[in-house]
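Hi,

Here is the structure I promised to pass on. Have a look first, and then read my notes below.

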Amino acid sequence: MTQGVEARAARLWDVALALHRKPELAYEEHFAAGLLSGELERAGFTVNRGIADMPTAFVAEAGDGARPRVALLLEYDALPGLGHACGHNLIAAAGLGAALSLHGALLEAAPGLAGTVMVVGTPAEEGGGGKVAQVAAGVFDEVDAALMFHPGVNNWAWAPLTAQVQLRAVFHGRAAHPTGNPTESVDALAALIQLFGTLNVLQRRLDPGAHIQGIITDGGRATNIVPERAEGLFGLRATTTSALDALVTEVVRCAEGTAAATGTTVETSRATTGYHHFRDNDVLSDRFASHLRTGGFTLGQPTPGVFLGSSDIGDVSAAVPSIHPFVAILGPEHSDHTPEFADAAAGETARRVMLASARALACTAADCLGEAGLTERAWKRQREKAAAHV
Ligand SMILES: [Zn+2]
């Protein structure tokens with residue numbers, strides 16, 4: 001498997017650099033989707049483009065069509081104004097390398113390997129969440145292992161990605177002239193501002209990793225009218241999807257209590273479908289880490305109590321056994337989503353990390369297709385974690 005990546009190393013790095021030179025934003029990744037799906041098609045994969053109503057999504061497939069079915073996930077969108085400052089060019093090249101190597105081994109009828117290798121081109125990780133639409137469209141229904149790596153500033157076997165959703169709260173009051181007939185007024189904006197105060201109290205007793213961030217999206221029309229409508233948008237995060245559901249319930253109760261106290265009415269609704277938290281499948285992520293160690297990179301555990309943002313890999317991981325390790329291309333004193341990270345994503349360390357990750361992904365995927373009982377163990381772990389809501 002490692003020779004398969006070795007033989008393709010120069011081409012994979014060319015692909016990573018080509019994506020880096022031509023960064024494309026969410027849902028506009030036409031060059032990237034074309035380049036990657038073209039490479040797979042030429043190697044003999046069957047490619048379906050425009051998956052889940054997204055022109056830049058694709059699914060490529062090779063093998064005997066049977067289970068086990070292992071999926072390599074390719075992200076390839078960039079950031080506005082910053083280019084590949086999240087290093088998705090490396091995710092795409094590594095996943096491509098792993099898929100081509102595994103396919104090569106299947107073609108050569110490597111002993112004991114059987115099943116299906118799938119490559120999922122997943123647009124819009126940075127905004128929109130292409131994987132959420134793909135999960136909903138059933139792309140992962142028959143998948144036994146969803147594999148990817150992410151470049152970062154830490155070497156972590158898994159990613160502590162939180163669950164998130166946006167909640168809208170619309171307060172309704174009664175308009176009136178603020179000096180002409182103030183006793184007739186019911187100030188919807190005052191109620192919304194009151195809710196911010198109440199949520200500040202709630203925020204103090206939230207668990208680490210949980211968070212509320214609100215903005216006012218409608219605060220009235222003119223200063224000589226008491227606002228009859230006010231709307232706030234609240235970004236909610238929690239370490240698990242079930243903790244997030246509980247937080248939504250609490251915030252709704254705060255809004256309803258505020259409405260009761262201020263004589264307004266309030267409507268609350270989820271403004272986004274949100275993301276699940278990331279459920280690491282350690283049967284598979286341990287395997288990736290051990291293969292990566294052979295390649296010279298050692299992964300540890302995330303720092304306890306440190307949580308990152310959210311990602312649409314969370315929704316994949318809620319559905320099927322998944323991995324999302326971080327491999328550092330810069331030190332922990334740096335950050336992704338910065339110009340320096342974008343530079344690093346085309347540097348020598350990035351090249352070595354991408355190739356080592358491609359090898360480790362290929363070996364992990366080969367284990368899934370060749371080692372009796374491995375995907376069954378991964379599914380057992382998946383069910384245990386789902387039952388425990390972690
Ligand atoms: Zn990213």
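In which hand of crossing does H7 pass H10? The crossing is right-handed (right-handed if the near helix is turned clockwise from the far one by less than a right angle, left-handed if anticlockwise). Before the rest, two bits of background. This is a predicted model, where local features need pLDDT of at least 70 and side-chain atom pairs count only at pLDDT 80 or more, while totals for chains, interfaces and linings use all residues. Residues are numbered from 1 along each chain as its sequence is written.

Back to that helix pair. Helix H7 (residues 282-294) and H10 pack at about 130°, with axes 8 Å apart. Axes here are lines fitted to C-alpha atoms, for helices over the stretch in contact, and angles run from 0 to 180 degrees between N-to-C directions. That makes H7 oblique to H10 (under 35 degrees is roughly parallel, over 145 roughly antiparallel, 65 to 115 roughly perpendicular, the rest oblique). Among the residues in the contact are Phe288 of H7 and Asp367 of H10; contact means C-beta atoms, placed from the backbone, within 7 Å. The helices (H or I, at least four residues) and strands (E, at least two) are DSSP runs, numbered from the N terminus.

Next, the sheet. It is open, with 6 strands in the order E1-E2-E4-E3-E5-E11 and mixed pairing; two strands pair if DSSP finds at least two bridges between them. Strands E1 (46-49) and E11 (322-323) stand at the edges with a single partner strand each, so one side of each has no neighbour in the sheet. Inside the order, E3 (residues 69-75) and E5 (residues 145-147) pair in the parallel sense over 3 bridges. H10 (residues 348-370) turns up again here, packing on the sheet and touching E3, E4 (116-122) and E5.

There is another helix pair to look at. The axes of H2 (residues 30-42) and H3 (residues 88-107) come within 10 Å and cross at roughly 15°, which makes H2 roughly parallel to H3. From H2, Ala32, Leu36, Glu39 and Leu40 meet Ala92, Leu96 and Ala99 in H3.

Finally, the overall layout: the protein is divided into domain 1 (2-161 + 276-387) and domain 2 (163-270), with bounds from an automatic or database domain assignment. Their C-alpha centres lie 39 Å apart, and the contact takes 7 residues from domain 1 and 8 residues from domain 2.

Cheers

Conventions
Two residues are in contact if their C-beta atoms, placed from the backbone, lie within 7 Å.
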